[in-house]
Amino acid sequence: MSPAVCKSEFTTKSANETLPLVKRIVGDIVELAHEVTETQKRLAFLTNGREDDPQDEYSKELQSMHEVTDAKSRQLNGFIDELLELNLDPTSAEQGFVNFPARREGKEICLCWKLGEPEVMYWHDVGEECHQRRLVDLPIIQTALG
């Protein structure tokens, strides 16, 4: 997933106010992403070297698995779209990272939250990865107040 185009910016306060909704959506995303990934791996293993043969006794079961996985993928994309509509950037479906566009000393940054954290308390520069994030500091707090 790529950085969202910033339509609005968040403060730490406004980002934390959205967390109840964001937590539910991201929880669903993480769960579905895991299911889809595991099922895709299983399907790849089961279909490796297998030709499409309607007489194959397992072809209907494999087709059903493909259809269920496709439906879950569409549902996953729907959840991701919900975050994008909130002007959030879901950077990792499986790990549950979400970026909130913000400012620090006049510069665009991302407030960064991960599923399981009690509040938004990290940030990183636009273009940096979530693992490079740092604790929210005074310049961000002052931007929120000013």
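Trainee: Why is Cys-130 called buried?
Mentor: In this predicted model, Cys-130 has a relative accessibility of 7%, and because a residue is called buried when that value is under 20%, Cys-130 belongs in the buried class. Cys-110 is buried as well, with a relative accessible area of 10%.

Trainee: What makes Val-36 a buried residue, and where does Val-36 lie?
Mentor: Val-36 lies in helix H1, which covers residues 12–47, and because its relative accessibility of 7% is under the 20% limit, Val-36 is classed as buried. The buried residues of H1 also include Leu-19, Val-22, Ile-29 and Leu-43.

Trainee: Which residues does Val-36 touch, leaving aside those up to four places away in sequence?
Mentor: With those set aside, Val-36 touches Thr-69, Lys-72 and Ser-73. Lys-72 is 36 residues from Val-36 along the chain, and yet the C-alpha atoms of the two are separated by 6.7 Å.

Trainee: Why is the pair of Lys-72 and Glu-35 called a salt bridge?
Mentor: The closest N and O atoms of Lys-72 and Glu-35 are 2.6 Å apart, and since the criterion asks for a Lys or Arg side-chain nitrogen within 4 Å of a carboxyl oxygen of Asp or Glu, the pair is a salt bridge. Lys-72 lies in helix H2 (residues 59–85) and Glu-35 in helix H1, so this pair ties together parts that are 37 residues apart in sequence. The whole structure holds 11 salt bridges.

Trainee: How do you know whether Lys-72 and Glu-35 are buried, exposed or partly exposed?
Mentor: Lys-72 has a relative accessibility of 25%, and Glu-35 has a relative accessible area of 25%; because buried means under 20% and exposed over 50%, with partly exposed in between, Lys-72 is partly exposed and Glu-35 is partly exposed.

Trainee: Why is the pair of Asp-125 and Arg-134 counted as a salt bridge?
Mentor: The N to O distance of 3.5 Å between these side chains is still within 4 Å, and therefore the pair is counted. Salt bridges that share partners join Lys-107, Asp-125, Glu-128 and Arg-134 into one network. Asp-125 is buried, with a relative accessible area of 17%, while Arg-134, at 30%, is partly exposed.

Trainee: How do you know that strand S3 pairs with strand S4?
Mentor: Four bridges join S3 (residues 107–114) to S4 (residues 122–125), and because pairing calls for at least two bridges, the two strands, which run antiparallel, are paired. In S4, Trp-123 is the bridge partner of Leu-111.

Trainee: What makes the sheet an open one, and which strands stand at its edges?
Mentor: The sheet has five strands in the order S1-S2-S3-S4-S5, with antiparallel pairing. Strand S1 (89–92) and strand S5 (134–135) stand at the edges with a single partner strand each, so that one side of each is left without a neighbour in the sheet. Helix H1 lies across strand S2 (97–104) and S3, running at about 45° to S3.

Trainee: Where does H1 bend?
Mentor: H1 bends by about 50° at Leu-19, and the proline Pro-20 follows within four residues. Just after H1, Gly-49 takes a positive phi of about 80°.

Key:
Residues are numbered from 1 along each chain as its sequence is written. This is a predicted model: local features need pLDDT of at least 70, side-chain atom pairs count only at pLDDT 80 or more; totals for chains, interfaces and linings use all residues. Side-chain values use heavy atoms; hydrogens and water are left out. Buried means under 20% relative accessible area, exposed over 50%, partly exposed in between (1.4 Å probe, protein chains only). Contact means heavy atoms within 4.5 Å. Axes are lines fitted to C-alpha atoms, for helices over the stretch in contact, and angles run from 0 to 180 degrees between N-to-C directions. The bend at a residue is the angle between axes fitted to the seven residues ending there and the seven starting there.
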